[in-house]
Amino acid sequence: PRSTPSNSSAASDVYKRQIYDIKGRLVKKSTMPAGNPQIDLSSEKEGIYFLRLDFGGHIVTKRIVKIGD
């Protein structure tokens with residue numbers, strides 16, 4: 001029997017996240033747990049950004065438009 005609770009999170013439950021500006025420059029790079037889709041662009045200027053998520057080799061790119069604060 002186990003004396004401590006098990007954590008079933010696998011490496012695939014963590015997303016690699018990269019955010020690029022409209023010119024293709026890397027703005028932020030981090031990892032985030034699955035189920036936590038929060039993205040903080042509060043320190044960035046208004047504009048168009050691209051979010052690239054990599055989870056288990058599956059890559060998704062989405063466009064983000066930041067308007068005001």
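How many bridges pair S3 and S4, and in which sense? Nine, in the antiparallel sense. Keep that pairing in mind; the tour returns to it. This is a predicted model.

**Whole chain**

Start with everything in cartoon view. The protein chain has four strands and zero helices. From the N terminus on, the elements run β-β-β-β. Of the 69 residues, 16% count as buried. For contacts between residues at least 6 apart in sequence, 30% join residues at least 24 apart.

**The sheet**

Color the strands separately. They form an open sheet in the order S2-S1-S3-S4, with antiparallel pairing. The edges are strand S2 (26-33) and strand S4 (58-66), each of which pairs on one side only. Look along the sheet for the twist: from one strand to the next it averages 20°.

**S1 and S2**

Select strand S1, residues 14-21. S1 and S2 pair in the antiparallel sense over seven bridges. Pick Gln 18, then look across to S2: Lys 29 stands opposite. Next, follow the chain through the hairpin of S1 and S2. Four residues lie between the strands. Stop at Gly 24, which takes a positive phi near 90°.

Stay here and show the side chains of Arg 25 and Asp 21. They form a salt bridge, with the closest N and O atoms 2.8 Å apart. The structure holds one salt bridge. Is Asp 21 buried or exposed? Asp 21 counts as buried, because its relative accessibility is 11% and the cut-off for buried is under 20%.

**S1 and S3**

Move to strand S3, residues 47-55. Six bridges join S3 to S1, and the two run antiparallel. Select Lys 16 and find its bridge partner in S3, which is Asp 54.

**S3 and S4**

Back to the opening pair. S3 and S4 form a hairpin with two residues between them. Center on Gly 56 in the turn, where phi is positive at about 65°.

**Val 60**

Select Val 60, in strand S4. Show its surroundings, leaving aside neighbours within four places in sequence. Val 60 is in contact with Leu 51, Arg 52, Leu 53 and Phe 55. Now draw a distance to Arg 17, which is 43 residues away along the chain. The C-alpha atoms of Val 60 and Arg 17 are separated by 9.9 Å.

**The nonpolar patch**

Finish on the surface. Select Ile 22, Ile 48, Val 65 and Ile 67. These residues form a nonpolar patch with about 380 Å² of accessible area together. Where does Ile 67 sit? Its place is in the segment after S4. Ile 67 is exposed, because its relative accessible area is 70% and exposed means over 50%.

Methods:
Residues numbered from 1 in each chain as written. Predicted model: local features only at pLDDT ≥ 70, side-chain atom pairs only at ≥ 80, totals over all residues. Heavy atoms only, no water. Pairing = 2+ DSSP bridges. Axes fitted to C-alpha atoms, helices over the stretch in contact; angles between N-to-C directions. Patch = residues over 30% accessible without salt bridge, like charges linked within 9 Å, V, L, I, M, F, W, Y side chains within 5 Å. Areas by Shrake-Rupley, 256 points an atom, 1.4 Å probe, with all protein chains shown as cover. Salt bridge = Lys/Arg side-chain N within 4 Å of Asp/Glu carboxyl O. Buried < 20%, exposed > 50% of the residue type's maximum accessible area, 1.4 Å probe, protein only. Contact = heavy atoms within 4.5 Å.
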